[in-house]
Amino acid sequence: MTEGRLWGFALWMAGGGLFFVLGLAAFVSKKAVGFWANIKTVPMKDKKGYNRAVGKLWIVYGIVFMLLGIPLLWEHNSMWIIISVLGVLAESIAAMAVYLLAIQSKYEKEEGN
């Protein structure tokens, strides 16, 4: 196994680990955490429940991200790398959908409350 593949895989794992740690931090946070970059979080009914849901989402995202990096260990110039690329694309779209349809809609404060 070449050293380059190991470095690539290690960096991929580090990226997935960062998502995992982000999820752990969100899980225990007292203040409502944001999902989108540079956007203020809308008011939530249950901050603790919201943070736990977002934390779980990021933890699962990090684990799946790391698993999608396994093709990086296979032979050089392998076509299987497309699994990693398209897998992360699909995973990211799924995470956004879960956040909007399940988490934000469940915990967002309704207007007038």
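Colleague: Which residues gather in a patch of positive charge on the surface?
Modeller: Lys30, Lys48, Arg52, Lys56 and Lys106 do. Keep in mind that this is a predicted model.

Colleague: Which helix gives the most to the positive patch?
Modeller: Helix α2, which covers residues 47-67. Three residues of the patch come from helix α2.

Colleague: Where is Lys48 found?
Modeller: Lys48 sits in helix α2.

Colleague: And is Lys48 buried or exposed?
Modeller: Exposed. Its relative accessibility is 57%. Exposed means over 50%, so Lys48 counts as exposed.

Colleague: New topic. Where is Ala32 found?
Modeller: Ala32 lies in the loop between α1 (3-28) and α2.

Colleague: How many residues apart in sequence are Ala32 and Asn51, and what about in space?
Modeller: They are 19 residues apart in sequence. In space, Ala32 and Asn51 are 6.1 Å apart, C-alpha to C-alpha.

Colleague: What is Ala32 in contact with, leaving aside its neighbours within four places in sequence?
Modeller: Thr41, Lys47, Tyr50 and Asn51. So Asn51 turns up again, this time as a contact of Ala32.

Colleague: Now Gln104. Which helix is the place of Gln104?
Modeller: Helix α3, residues 81-107.

Colleague: Is Gln104 buried or exposed?
Modeller: Buried. Its relative accessibility is 15%. The cut-off for buried is under 20%, so Gln104 counts as buried.

Colleague: Which residues is Gln104 in contact with, again leaving aside neighbours within four places in sequence?
Modeller: Trp36, Val42, Met44 and Tyr99.

Terms used
Residues are numbered from 1 along each chain as its sequence is written. This is a predicted model: local features need pLDDT of at least 70, side-chain atom pairs count only at pLDDT 80 or more; totals for chains, interfaces and linings use all residues. Side-chain values use heavy atoms; hydrogens and water are left out. Patches are made of residues with over 30% relative accessible area and no salt bridge: like charges are joined within 9 Å, nonpolar side chains (Val, Leu, Ile, Met, Phe, Trp, Tyr) within 5 Å. Accessible areas come from the Shrake-Rupley method with a 1.4 Å probe; for residues, only the protein chains shown count as cover. A salt bridge is a side-chain nitrogen of Lys or Arg within 4 Å of a carboxyl oxygen of Asp or Glu. Lys and Arg count as positive and Asp and Glu as negative; His and the chain ends are not counted. The place of a charge is taken as NZ of Lys, CZ of Arg, CG of Asp or CD of Glu. Helices (H or I, at least four residues) and strands (E, at least two) are DSSP runs, numbered from the N terminus. Buried means under 20% relative accessible area, exposed over 50%, partly exposed in between (1.4 Å probe, protein chains only). Contact means heavy atoms within 4.5 Å.
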